[in-house]
Amino acid sequence: MGTIELKNVTKSFGPVAVIKGVSLTAEEGEFVVFVGPSGCGKSTLLRLIAGLEETSGGSIHIDGKDVTELDPYHRGLSMVFQSYALYPHMTVYGNIAFALKTAGIAKLEIDRKVRAAAETLKLTPYLDRKPKDLSGGQRQRVAIGRAIVRQPKGFLFDEPLSNLDAALRTQTRIEIANLHKELGATMVYVTHDQIEAMTLADKIVVLNDGEVMQIGSPKELYNAPKNTFVAQFIGSPKMNLLPRASYDGAAMHYGDGVKIDIGPMDGTPSIVGVRPEDISLCPLGEAELSATVTHNEFHGADNNVFVSVPGIGSLNVRANGKLDLQSDQPVGLVLDKSQLHYFDENGVRI
Ligand SMILES: Nc1ncnc2c1ncn2[C@@H]1O[C@H](COP(=O)(O)OP(=O)(O)OP(=O)(O)O)[C@@H](O)[C@H]1O
C-alpha cells in the first residue's frame, strides 16, 4: 500500500504553465524529496498529489488507482504543512483526535490511537496543553500526530521544518527519519534545504521551472549529476564549473595558455566540473594550477577558500581548517582527476 505515481502531470494557472509534464513514482515505503529553486513548482506538485489543486493534464495514481478526479479526503493521504495549521482553541489531544471524531470513529478507538501517536511522537506529557503553550518543534509534532492517526497510505510534507531554529530543525529532522523507519510509510517531502534532502531521501526529485531535471538517490545525484543544473544545485558549497574550453583529445585548453590534462574521452567535453573537496592546496612547485587566495571563510573544521586562477577565474576550494590562509597568498592547486565531471556544450553529462 502507498505507491504514488504521476504520469505526465501538467498544471497551468491561467496562461502560465507551472508544471510542465512531470512523471515520477514514489514506491511503497519510499521517502521522496522534491527540491529545486524558489518558484520551480515544488509546492504546487505536492498540492496536486494531495488533491488541493486540480491538474491541467496527465494523471495521478495511488496504489494503481487513478485518483486524478478524487477529492483530497478520498485519496487517503495526510498532509503536514509548514504552518502546522493547528486548532488554537483545542488541546493537543483534541487536535490529534479531531479528524477521527469527524470520521465518526468510536471514542475508545480514538483514545487508543491518539495515545499511541502521542507516545511515538513523545507528546504524552503535553496532551492537555493548547498549541500556544508548546514550542515550535512540539507544535510540528502535533501536526504530524494528526496525520499519523488517520493511518494514511502516504504522508505529504510541505517544508515542515522551515519555521524551526537550527538546533530544533536537526532534532526534528532525525525524528522524521525515525518516524519513517518506524511507520514504513510512503512519504513525499518538499524542502529547499540541501541537508534535509540529502539526509532524509531515498530518492530526490530535482525540479527546475516545472520540469524534472533528475531523479535519483542522494549519492547518484551528488556523484553523477546528469547536467550542469543538478551539478550546481546539489552540494554545498556548490560544484565549480570551469569556463567552456576546447578539448584536443587529451587536455582542456583555457586562456593564458593554461591547460588541464584529462586524457582521452568518449565525447567532446566543453565544461569541466569539480567539487570544492576535490581540489587540494599544495606547494607551488607541485601544482597543476597556480592560484591566489582572494577570500577565506574559516568554518572551524575546514576553510572555505576562494582562489583566483589565471585563465580560469574564481574557484572554491575546501581546505583543512588548521591551515592559516591570507588574502593575496599564492597557492598551488591539484585536482583529483578521478572526481572530475564532464559536460558537453549543452551542459549534459558525458
Ligand atoms: N494559485 C496560484 N495562482 C497563480 N500562480 C501560482 C499559484 N500558486 C503558485 N503559483 C505560481 O506557480 C509557481 C510555482 O509555485 P510553487 O509555490 O509551487 O513553487 P515552489 O517551488 O514551492 O517555491 P518556494 O520554494 O518558493 O516555496 C510560482 O511561479 C508561483 O508564483
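Strands β1 and β2 (residues 16–26) run antiparallel and are joined by 8 bridges. Strands here are DSSP E runs of at least two residues, helices are H or I runs of at least four, and both are numbered from the N terminus. Two strands count as paired if DSSP finds at least two bridges between them. The model is a predicted one: local features need pLDDT of at least 70, side-chain atom pairs count only at pLDDT 80 or more, and totals for chains, interfaces and linings use all residues. Residues are numbered from 1 along each chain as its sequence is written.

The ligand site was examined next. The ligand is surrounded by Phe 13, Val 18, Gly 36, Ser 38, Gly 39, Cys 40, Gly 41, Lys 42, Ser 43, Thr 44 and His 192. A residue is taken as near a molecule or strand if its C-beta atom, placed from the backbone, lies within 6 Å of it. Helix α1 (residues 42–50) supplies the largest share of this shell, 3 residues. By class, the shell holds 3 nonpolar, 7 polar and 1 charged residues. In this scheme Ala, Val, Leu, Ile, Met, Phe, Trp, Tyr, Cys and Pro are nonpolar, Asp, Glu, Lys and Arg are charged, and the others, Gly among them, are polar.

Helix packing was then described for α2. Two packed helices are described by the angle between their axes and the distance between the axes. Axes are lines fitted to C-alpha atoms, for helices over the stretch in contact, and angles run from 0 to 180 degrees between N-to-C directions. Helix α2 (residues 92–102) packs on helix α4 (residues 136–149) at about 30°, with the axes 8 Å apart. The two helices are therefore roughly parallel to each other. Angles under 35 degrees count as roughly parallel, over 145 as roughly antiparallel, 65 to 115 as roughly perpendicular and the rest as oblique. The crossing of α2 and α4 is right-handed. A crossing is right-handed if the near helix is turned clockwise from the far one by less than a right angle, and left-handed if anticlockwise. On α2, the contact is made by Val 92, Asn 95, Ile 96, Phe 98, Ala 99 and Leu 100. On α4, Val 142, Gly 145, Arg 146 and Val 149 take part. Residues are in contact if their C-beta atoms, placed from the backbone, lie within 7 Å. The α2–α4 contact comprises 7 nonpolar, 2 polar and 1 charged residues.

The axes of α2 and helix α3 (residues 107–120) come within 10 Å and cross at roughly 135°. That makes α2 oblique to α3. This crossing is right-handed. Tyr 93, Ile 96, Ala 97, Leu 100 and Lys 101 of α2 meet Ile 110, Lys 113, Val 114, Ala 117 and Ala 118 of α3. The α2–α3 contact has 8 nonpolar, no polar and 2 charged residues.

Further strand pairings follow. An open sheet of 5 strands has the order β16-β20-β17-β18-β19, with antiparallel pairing. β16 (279–282) and β19 (313–320) stand at the edges with a single partner strand each, so one side of each is left without a neighbour in the sheet. Neighbouring strands of this sheet are turned by 45° against each other on average, direction ignored. Strand β17 (residues 289–298) is joined to strand β18 (residues 302–309) by 6 bridges. His 295 stands opposite Phe 306 in β18.

Strand β9 (residues 203–208) pairs with strand β10 (residues 211–216) over 5 bridges, in the antiparallel sense. Ile 204 stands opposite Gly 216 in β10. β9 and β10 form a hairpin with 2 residues between them. Asp 209 in the turn has a positive phi of about 50°.

Two loops carry backbone features. Ser 236 and Pro 237 are joined by a cis peptide bond, with omega about -5°. Pro 237 is found in the loop between α8 (228–233) and β11 (240–241). Gln 151, in the loop between α4 and β7 (154–158), has a positive phi near 45° in a residue other than glycine.

Key: Contact = placed C-beta atoms within 7 Å.
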